[in-house]
Amino acid sequence: MPELVVAILSRDSEQRNILQLLVEGTRVARTVQTFSTLPLASTDPVIRRIHDHHPDVVLMDIPAADTASAIRAIEVLHQELPLAALFVVGSMSQPQVIVTAMRSGAREFLERPVNTNTLLEAFVRLATSQRSTQRDHVRGKVFAVVNAKGGSGATTIAVNLALALQAAQGQTALIDLAPLGHAALHLNLRPAFTAYDAIRNLHRLDSSLLESFTTRHEGGLQLLAGATTAGEVQPSAAEFARLFDLLASYFRYVVVDLSTRIDPVTRLVCDLSQTVMVVTAADVASLWSAARIQQFLAENGGRERLGLVLNRFRKVSGLEESEVARVAGMPLLWKVPNHYFAVSGAIDRGVPLMQHDRSELGRSFAGLAAKLTESDTVAKRPAWSLFKIG
């Protein structure tokens with residue numbers, strides 16, 4: 001079964017067809033789509049179309065008569081698709097073009113005309129590089145938490161889920177991307193930095209600097225705090241993608257509190273997540289909102305990642321769980337019992353529910369953490385491999 005997903009860009013239709021045949025001929029990759037234009041700006045619709053396919057490799061042909069546009073396209077692709085490896089095809093008789101292409105973000109420069117073996121060798125080099133960087137290290141899982149409507153309890157769920165994961169598994173980070181961050185208040189922390197400070201330093205961000213931007217809770221959980229003022233200038237989607245790539249390489253679990261944020265960043269984070277929890281109450285307005293949130297988040301696919309978390313749950317006669325799931329348009333993942341005064345008191349004191357020994361709510365969050373990680377306790381997930389057996 002093919003492992004690598006490849007997008008092809010070339011202005012020449014014959015070259016596009018040749019490259020597609022070569023990709024399929026390697027037997028380790030498949031072409032998801034070909035494009036006849038080169039993106040020269042981050043706003044080019046081609047960028048969004050490529051991004052929707054989540055390619056592992058972008059294979060681009062450099063037109064001999066317009067190398068300047070090709071270099072610009074490489075810069076744009078490298079910036080806007082940081083998770084994809086960029087392979088370019090061109091003439092080896094133009095050394096300055098080769099150097100500039102590599103400096104602009106190309107991972108491989110392949111001499112035209114390319115053959116199947118050359119392309120296969122490049123794919124193998126990519127796989128070997130990824131295995132060497134991931135050996136004995138499994139990339140972390142991202143869990144996103146979003147409100148169906150304001151006040152549904154996403155921050156409470158995110159904070160206590162993160163604490164439960166830290167207690168059971170360790171190496172957990174909580175990322176507050178709410179429009180106005182409240183996670184620090186729930187944890188009684190006073191962060192010196194926010195997630196936006198980390199993004200502003202992406203050009204020099206490594207694991208050590210990233211950790212310095214976080215605030216550590218007494219239980220070991222590390223918080224990357226949210227905005228403290230309304231109207232924080234928003235980074236690009238590519239910058240958020242680079243941040244989460246680093247987070248997933250450093251932490252075993254990353255919990256993201258999106259709260260009531262519904263924008264392209266929310267969609268991006270949810271696309272990068274293993275599970276997206278839409279937090280809702282069981283009333284009509286909340287379930288109606290949950291259905292609309294589901295439609296927004298599933299626009300690019302990935303509907304199977306979405307799950308409903310019923311907060312402040314009480315058994316009501318005549319209310320069937322199957323009906324709740326049908327109205328919301330997604331399966332019911334978990335139910336958190338209704339203890340309003342315990343929750344409000346915990347927030348006011350800055351003592352999360354997970355720190356309340358043997359409480360029903362604490363057991364519920366521990367159960368949710370166990371459900372989300374049940375496959376992880378059986379065996380470690382293998383590192384990505386180019387060659388899949390079976």
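Predicted model: local features only at pLDDT ≥ 70, side-chain atom pairs only at ≥ 80, totals over all residues.
Visitor: Okay, so how do α6 and α15 sit relative to each other?

Guide: The axes of helix α6 (residues 154–169) and helix α15 (residues 360–372) come within 8 Å and cross at roughly 70°, and the two helices are therefore roughly perpendicular to each other. The crossing in which α6 passes α15 is right-handed.

Visitor: Which residues meet there?

Guide: From α6 the contacts involve Thr156, Ile157, Asn160, Leu161, Ala164 and Leu165, and these meet Phe365, Ala366, Leu368, Ala369 and Leu372 in α15.

Visitor: There's an asparagine in that list; is asparagine 160 buried or exposed?

Guide: Asparagine 160, which is found in helix α6, counts as buried because its relative accessibility is 2%, and the cut-off for that class is under 20%. Leaving aside residues up to four places away in sequence, asparagine 160 touches Pro352, Leu353, Met354 and Phe365.

Visitor: Switching to strands: what's the order in the open sheet of eight?

Guide: The order is β8-β9-β7-β10-β6-β11-β12-β13, and the pairing is mixed. At the edges are β8 (215–216) and β13 (332–337), each of which pairs on one side only.

Visitor: And which helices pack on the sheet?

Guide: Helix α13 (residues 321–328) packs on the sheet, where it touches β12 (306–313) and β13, and its direction makes about 125° with that of β12. Helix α15 packs on the sheet as well, touching β6 (141–147), β11 (275–280) and β13, with a direction that makes about 165° with that of β13.

Visitor: How many bridges join β7 to β10?

Guide: Five bridges join strand β7 (residues 172–176) to β10, and the two strands run parallel. Within this pairing, aspartate 176 stands opposite aspartate 257 in β10.

Visitor: Let's go to β3; which strands does it pair with?

Guide: Strand β1 (residues 4–9) pairs with β3 in the parallel sense over four bridges, and the bridge partner of alanine 7 in β3 is valine 58. Strand β4 (residues 85–90) also pairs with β3 in the parallel sense, over five bridges, and there the bridge partner of leucine 59 is phenylalanine 87 in β4.

Visitor: What unit do β3, α3 and β4 make?

Guide: Together β3, helix α3 (residues 67–80) and β4 make a right-handed β-α-β unit.

Visitor: Then how do α3 and α4 cross?

Guide: The axes of α3 and helix α4 (residues 95–104) come within 8 Å and cross at roughly 20°, and α3 and α4 are therefore roughly parallel to each other. Their crossing is right-handed, and the contacts bring Thr67, Ile71, Ile74, Glu75 and His78 in α3 to Val97, Thr100, Ala101 and Ser104 in α4.

Visitor: Now backbone geometry: where is the cis peptide bond?

Guide: A cis peptide bond, with omega of about 0°, joins arginine 112 and proline 113. Proline 113 lies in the loop between β5 (108–111) and α5 (116–134). Most residues other than glycine have a negative phi, and most peptide bonds are trans.

Visitor: Which residues have a positive phi without being glycine?

Guide: Asparagine 188 is one of them, with phi of about 55°; its place is the loop between α7 (183–187) and α8 (195–200), and asparagine 188 is partly exposed, with a relative accessible area of 44%. Serine 259 has a positive phi near 50° and is found in strand β10 (residues 253–259), where serine 259 is buried, with a relative accessible area of 12%.

Visitor: Last one, how far is proline 264 from serine 236 in space?

Guide: The C-alpha to C-alpha separation is 9.4 Å, although proline 264 and serine 236 are 28 residues apart in sequence. Proline 264 lies in helix α11 (residues 264–272) and is exposed, with a relative accessible area of 61%.

How values were computed
Residues numbered from 1 in each chain as written. Heavy atoms only, no water. Pairing = 2+ DSSP bridges. Right-handed = clockwise from strand over helix to strand, strands pointing away. Axes fitted to C-alpha atoms, helices over the stretch in contact; angles between N-to-C directions. Parallel < 35°, antiparallel > 145°, perpendicular 65-115°, else oblique. Left-handed = near helix turned anticlockwise from the far one by under 90°. Contact = heavy atoms within 4.5 Å. Buried < 20%, exposed > 50% of the residue type's maximum accessible area, 1.4 Å probe, protein only.
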